Amino acid sequence: MKLDKKLLIEKGYLTFNLKDLDENLFNEFKKELTKKYLRSKIDILRADFVVTKENIDEFSEIADKYEVQIDERIEDASHPKGALKIMNKYHAKIPILKEIQKDISKVDTSSSTKYNHDGQTWMYGMYPRTSIEKINLIESLYVQTVIELYNEDIINHKEFKTTTDINNQNPYIGAGTDISLYVKDNYISNHADGIDGNRLCVVLMYLNDDWESGYGGEIVVKEELTIPPLFGNVVILDFTENNIEHEVKKVINENFERFAIIKFFYK
C-alpha cells in the first residue's frame, strides 16, 4: 500500500489500517502495546467546558477532595454574563481520575451545551521514551506516514531524526506523542484545530481490538466519515492546506476503554 499525498490534500484527511501498510509493524504494535501497559501510562484527566461563575470553585474543591494536583486555566467565554471557559488537567492514576470525572459530571455545565461547542473530557499520558522497542515502533510508524507524505514540506529535518541518527538517545520524531484513553462519557465535540502555518498534520492510531458497534468513541471527520476505534486504524489530518472539522463521539459503554496514540507534527 502506498499513501496518496494528493488525496490527503484534496480531502484533508487519510484513513487506513496499519495492517495494509505494514503487517509486521501492525503485529509488533499488538505485541508491545498491551492494555496493561497502556493503562500504566495514563495519568492526566483533561476537562474543558463552559460554566457559570457560581460553579467555578467546585472544580478546585474536587481537586482538594482527592488531594491531586490540578492545572487550571480560566477564560472569559464571551457569552452571557457569568459564563467562563475552564480548561482543567487533573494529575492522578486511572482509578482516581475516574472518580474525579464522576464528580465533574455532577457540576452544572449546561452553559457548555447551550453556548459552547468545544467541550471535551478525556485522559492521556506520555508515550514511553525509554524503551528502545517501543521507540522503534513509533518511529517506524512516523517514518512510513509523516516523512513519506511530507518530506518536501519539512523545514527542520533535525526534528525528524530517528534514534540511529542521534546515537540511540530519545528520538526527536517520537517526542510529544501521547497515549490517550477515553472511558464512559469521554468525548471531544466538533471542532477544527485552527490555522498554523508551521503545522504539518496530526496522526492518530487506535489500539483497541475489543470495540463493538454501540460502544461509542468513533472519530467523525467533516461530518462525512465515521471511523471506528479498531486496532490499527490510522487517521491523518492535513494542516498544510486544510483545517478539518472533526469530533470524537462520546463513549457509551461502561466497560470500554478506548486507547489511541496521537501526535501533532510541525515543519
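Tutor: A salt bridge is counted here when a side-chain nitrogen of Lys or Arg lies within 4 Å of a carboxyl oxygen of Asp or Glu. The model is predicted: local features need pLDDT of at least 70 and side-chain atom pairs count only at pLDDT 80 or more, while totals for chains, interfaces and linings use all residues. Residues are numbered from 1 along each chain as its sequence is written, and side-chain values use heavy atoms, with hydrogens and water left out.

Student: How many residues apart are K5 and D153, the pair that links distant parts of the chain?

Tutor: The side chains of K5 and D153 meet in a salt bridge, with an N to O distance of 2.9 Å. K5 sits in helix α1 and D153 in the loop between α8 and β6 (178–182), so that the pair links distant parts of the chain, where helices (H or I, at least four residues) and strands (E, at least two) are DSSP runs numbered from the N terminus. The separation between K5 and D153 is 148 residues.

Student: What relative accessibility does D153 have?

Tutor: Buried means under 20% relative accessible area, exposed over 50% and partly exposed in between, with a 1.4 Å probe and protein chains only. K5 counts as partly exposed with its relative accessible area of 27%. D153 is likewise partly exposed, its relative accessibility being 26%.

Student: Which helix gives the largest share of the negative patch?

Tutor: Patches are made of residues with over 30% relative accessible area and no salt bridge, like charges being joined within 9 Å and nonpolar side chains (Val, Leu, Ile, Met, Phe, Trp, Tyr) within 5 Å. The negative patch is formed by D57, E61, D64, E67 and E72, of which E72 lies in strand β3 (residues 69–76) and is partly exposed at 35%. The largest share, 3 residues, comes from helix α5.

Conventions: Areas by Shrake-Rupley, 256 points an atom, 1.4 Å probe, with all protein chains shown as cover. Lys, Arg positive; Asp, Glu negative; His and termini not counted. Charge placed at Lys NZ, Arg CZ, Asp CG, Glu CD.
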